[in-house]
Amino acid sequence: IRTRVGHSLQCQWTLTMDNGSIQVAGREFDEGKSDIAIVGGTRAYSGISGYMESVNNSDGTFTQTLYYHESAR
C-alpha cells in the first residue's frame with residue numbers, strides 16, 4: 001500500500017520455503033535502506049525474530065537480506 005508518494009510503502013510478505021514460512025511487515029522506503037520486522041513464522045520458523053533489510057537499487061530492483069534468530073524450543 002502506497003502510504004506517501006515518493007517516500008514509502010506499507011508492505012507485507014510471506015516467504016515460503018520447503019520447511020515453513022516467514023512473514024515480514026513494515027514500511028519500505030523509496031530510497032535507501034529499510035529494516036522491515038519479521039512478524040511470525042511457521043513450522044521450522046515458529047518462534048523466529050529479527051528483520052529483513054531491503055535496499056532500493058534505484059533500477060526497479062531491491063536487494064533483501066534476512067537477519068534472524070530462532071528461539072529454543
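The side chain of Ser34 comes within 2.8 Å of the backbone nitrogen of Phe29, a polar contact (a pair of N or O atoms within 3.5 Å; within protein, one must be able to donate a hydrogen and the other to accept it, and residues adjacent in sequence count only if both atoms are side-chain atoms). The model is predicted: local features need pLDDT of at least 70, side-chain atom pairs count only at pLDDT 80 or more, and totals for chains, interfaces and linings use all residues. Residues are numbered from 1 along each chain as its sequence is written, and side-chain values use heavy atoms, with hydrogens and water left out.

Ser34 belongs to strand β4, residues 33-41; strands are DSSP runs of E, at least two residues long, numbered from the N terminus. Ser34 counts as buried because its relative accessibility is 1% (buried is under 20% relative accessible area, exposed over 50%, partly exposed in between, with a 1.4 Å probe and protein chains only). Leaving out residues up to four places away in sequence, Ser34 touches Arg27, Glu28, Phe29, Met52, Glu53 and Ser54; touching, or contact, means heavy atoms within 4.5 Å.

Val39 also lies in strand β4, but Val39 counts as exposed, because its relative accessibility is 55%. Beyond its neighbours within four places in sequence, Val39 is in contact with Gln23, Val24 and Ala25.

Next comes the core. The largest nonpolar core has 7 residues: Ile22, Val24, Ile36, Ile38, Tyr45, Ile48 and Met52. Strands β3 (20-29), β4 and β5 (48-56) each give two or more residues to this core. Such a core is a set of buried Ala, Val, Leu, Ile, Met, Phe, Trp, Tyr and Cys residues joined through side-chain atoms within 4.5 Å.

Methods. Helices (H or I, at least four residues) and strands (E, at least two) are DSSP runs, numbered from the N terminus.
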